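Please read this briefing alongside the sequence and the coordinates.

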Amino acid sequence: MDPLAYLFSLEKLGIKSGLDNIRTICEGLGNPQRAWPSAVVAGTNGKGSVSAMVETGLRAAGLRTGLYTSPHLTRLEERFAVDGLPVPTDEMTAAAATLRATVARLRADGRLATEPTFFEVTTAMGFELFRRARVDFVVLEVGLGGRSDATTVATPVAAAITTIDLDHERFLGHTIAAIAAEKAGVIKPGIPVVVGETKPEAVAVIERACLELRAGMVAAGAGVRADVARFDEGAAIVDLSTPARDYGRLRLSLRGRHQVQNAVVAVRLLEELERLGFPMQASAIAAAVRSARWPGRLDLVSLPDGRTVLCDAAHNPAGARVLGDYLREVHPSGLPIVFGVMKDKDAGGTLAPLLPSATHLVFTRAHTDRAMAPEPLAEAARRAGWRGPVEVEDEPGPALERAWRHAPAVCAAGSIFLVGEVLARWQPNT
């Protein structure tokens, strides 16, 4: 079997809790996760943006970086970035072949009791790719939760927890405190932990974990001034100072008011790495928030004919609230929204924050068996109180064309898979 075909064949196994498989695979590879220092970023929302900013800052400081994120928008290579670029396909394929052979050997000798999942194997692949690339530092975005996430087998020198909200309740729990306990699983003994979350019930859980492990908790906003002077094309221009230094006025590269909080978390994490002896400079930390790219999140695509689509992977209620706030601020008159999510998501709860900004709704689905059909989405919108125009379209491309009939500026939101297909069609170089 082709190495990548083998890899994608594992997707049918879904999600499995526990670290036994990933530990065994890493041991079979010679523990590549020990070849480089790392920082890990967990959270319900914002962890990808923070990871991208931190990696950008480390690269600006002259370090050769690895960045592991998930899921990908359009190409699997995106999950494994070295020095800001997805790994070449041939290198990824070679690593996949190594993983296939390693798994087969471990299964044959009985050390691997069950077939590993797609995420377990891709995580181990990332570890191996970064070892082969001889990176200086790796930023790991947690996939799901923290305590049982495959990235947790790495031992980071520092960690960040962005926000805690209800998502993946089937796996993480049904309360903020329960989910916070899962996220706190990324905390390792003695490391600094930058925390952007402020909900008391979540903070109490994280504080307790830090005390038990003698980890140093850093409240991201403590002693920080982050005053928004104005917005430029949706991006905040911020006067930023921390207890460590005054960064002056910075234009954030990522759109949205919520990115101010994410930028503070990223800056505080980079400052902790500087305190630990990594060669950070003020200019590199400023570059982290000025230059980071994170496609598919308030990502504006402008076509030559003047039409635009704002793409955002708002796939849960918390993410949709952030997008809704942005739309009310930047598009107060509303705009057509193309929407699609996966079957396991809270469709109604995710739609509700977007409805006040919608003039029309066009429901569609990404090309995956996990995607919810458009018709149930339309029904969910009606149950959520929507009484405006509704259209359904199986294909994302025609769905965008339908929305553009009503206005030249539209929004495509929901599943990262949907956003990836939209970007691949109209912005193929993403």
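Contact here means heavy atoms within 4.5 Å. By that criterion, Ser 291 touches Thr 56 and Ser 253, not counting residues up to four places away in sequence. This is a predicted model, in which local features need pLDDT of at least 70 and side-chain atom pairs count only at pLDDT 80 or more, while totals for chains, interfaces and linings use all residues. Residues are numbered from 1 along each chain as its sequence is written, and side-chain values use heavy atoms, with hydrogens and water left out.

**Ser 291**
- Ser 291 belongs to helix 10 (residues 282–291), where helices (H or I, at least four residues) and strands (E, at least two) are DSSP runs, numbered from the N terminus.
- Ser 291 is partly exposed, with a relative accessible area of 45%; buried means under 20% relative accessible area, exposed over 50%, and partly exposed in between (1.4 Å probe, protein chains only).
- Ser 291 and Leu 327 are 36 residues apart along the chain, and their C-alpha atoms are separated by 23 Å.

**The chain as a whole**
- The secondary structure of the chain comes to 15 helices and 17 strands.
- The radius of gyration of the chain is 21 Å, close to the 22 Å that the globule rule gives for 430 residues, so the chain is as compact as a globular protein of that length; the radius is taken over C-alpha atoms, and the rule is 2.2 Å times the number of residues to the power 0.38.
- Along its principal axes, the C-alpha trace spans about 55 × 55 × 40 Å.
- Of the 430 residues in the chain, 57% are buried.
- Among the contacts in the chain with a separation of 6 or more, 72% are between residues 24 or more positions apart.

- An open sheet of 8 strands has the order 4-3-2-5-1-6-7-8, with mixed pairing; two strands pair if DSSP finds at least two bridges between them.
- Strand 4 (85–86) and strand 8 (216–219) stand at the edges, each with a single partner strand, so one side of each is left without a neighbour in the sheet.
- Strand 2 (residues 65–68) and strand 3 (residues 80–82) run antiparallel and are joined by 3 bridges, with Phe 80 in strand 3 as the bridge partner of Tyr 68.
- Strand 7 (residues 192–195) is covered on both faces, with Pro 192 and Val 194 buried on one side and Val 193 and Val 195 buried on the other.
- Strand 7 runs parallel to strand 6 (residues 158–161), to which 3 bridges join it, and the bridge partner of Ile 161 is Val 195.
- Strand 7 also runs parallel to strand 8, through 4 bridges, and Val 194 has Val 218 as its bridge partner there.

**Strand 10 and its partners**
- In strand 10 (residues 235–241), 7 of the 7 residues are buried, so this strand is largely enclosed by the rest of the structure.
- Ala 235, Ile 237, Asp 239 and Ser 241 point one way from strand 10, and Ala 236, Val 238 and Leu 240 point the other way.
- Strand 9 (residues 225–232) runs antiparallel to strand 10 and is joined to it by 7 bridges, with Ala 226 opposite Leu 240.
- The hairpin of strand 9 and strand 10 has 2 residues between the strands, and Glu 233 takes a positive phi near 55 degrees in it.
- Strand 10 pairs with strand 11 (residues 246–255) in the antiparallel sense over 6 bridges, with Asp 239 opposite Arg 249, and a hairpin of 4 residues joins these two strands.
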